[in-house]
Amino acid sequence: MDPALAQRLLAALVGKPMVSNAFRGTLVEAILAEVLEPEWRWLADGWGSFDFEGPGGVRLEVKQSAARQDWHLADAKPNKGRFDIASRTGRWEDTQWITAPGRAATIYIFAWHPLFDPAAADHRDPRQWQFYVVAATSLPEQKTISLSGVQSLARPCGIENLKAEVGGLFSRLR
């Protein structure tokens, strides 16, 4: 790709503090890849069934939400945070459909961006995110979970402690 075009594309997708919902998930995964690699391999698969593969093939899924959305108007109220945790009927592996009801990942990272003030909130800043590391087996059998539901399952950690949190849960699950 032409470097000038790549820079233009990058600026359009993540060049502003409020990143569109369509690209914020990939941004958060890239932030996490900086911390979790090389033990965890980022798949960067967009609509894949999980986002990282770790030791022994353990799968990790990232879910994210933010108090301030790029489409919020000046008088808007903060988003309260809700995450998709629905079980699926199966998953794609490469180009093949695998029928496997349930959740494809063993570990979930719920990323929450709590800042709402447009003068301070920047989705691109890893230090502004809170992360909750949860075993899939701890999740309720429902389609979505609220931020308060996630908070009842795990304590928040910052980017600087995330690798240790994931490693600790991985060790307990073995």
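In this predicted model, the buried residues of helix α2 pack against the strands β1 (41-42), β2 (52-53), β3, β7 and β8 and against helix α4. The buried positions of α2 are Arg 24, Leu 27, Val 28, Glu 29, Ile 31, Leu 32, Ala 33, Val 35 and Leu 36. The helix itself has 16 residues and reaches 23 Å from its first C-alpha to its last, which is close to the 22 Å expected at 1.5 Å a residue.

The largest nonpolar core comprises 27 residues, of which Leu 32, Trp 40, Leu 60, Ile 109, Phe 131 and Leu 162 touch the most other members. At least two residues of this core are supplied by each of α2 (21-36), β3 (59-66), β7 (107-113), β8 (130-135) and α4 (159-173), and the largest share, 7 residues, comes from α2. When residues up to four places away in sequence are not counted, Ile 109 touches Leu 32, Leu 36, Leu 60, Glu 61, Val 62, Lys 63, Phe 131, Tyr 132, Val 133, Leu 162 and Val 166. In soluble globular proteins, nonpolar side chains tend to be buried together.

Conventions:
Residues are numbered from 1 along each chain as its sequence is written. This is a predicted model: local features need pLDDT of at least 70, side-chain atom pairs count only at pLDDT 80 or more; totals for chains, interfaces and linings use all residues. Side-chain values use heavy atoms; hydrogens and water are left out. A nonpolar core is a set of buried Ala, Val, Leu, Ile, Met, Phe, Trp, Tyr and Cys residues joined through side-chain atoms within 4.5 Å. Buried means under 20% relative accessible area, exposed over 50%, partly exposed in between (1.4 Å probe, protein chains only). Helices (H or I, at least four residues) and strands (E, at least two) are DSSP runs, numbered from the N terminus. Contact means heavy atoms within 4.5 Å. The expected span of a helix is 1.5 Å times one less than its number of residues.
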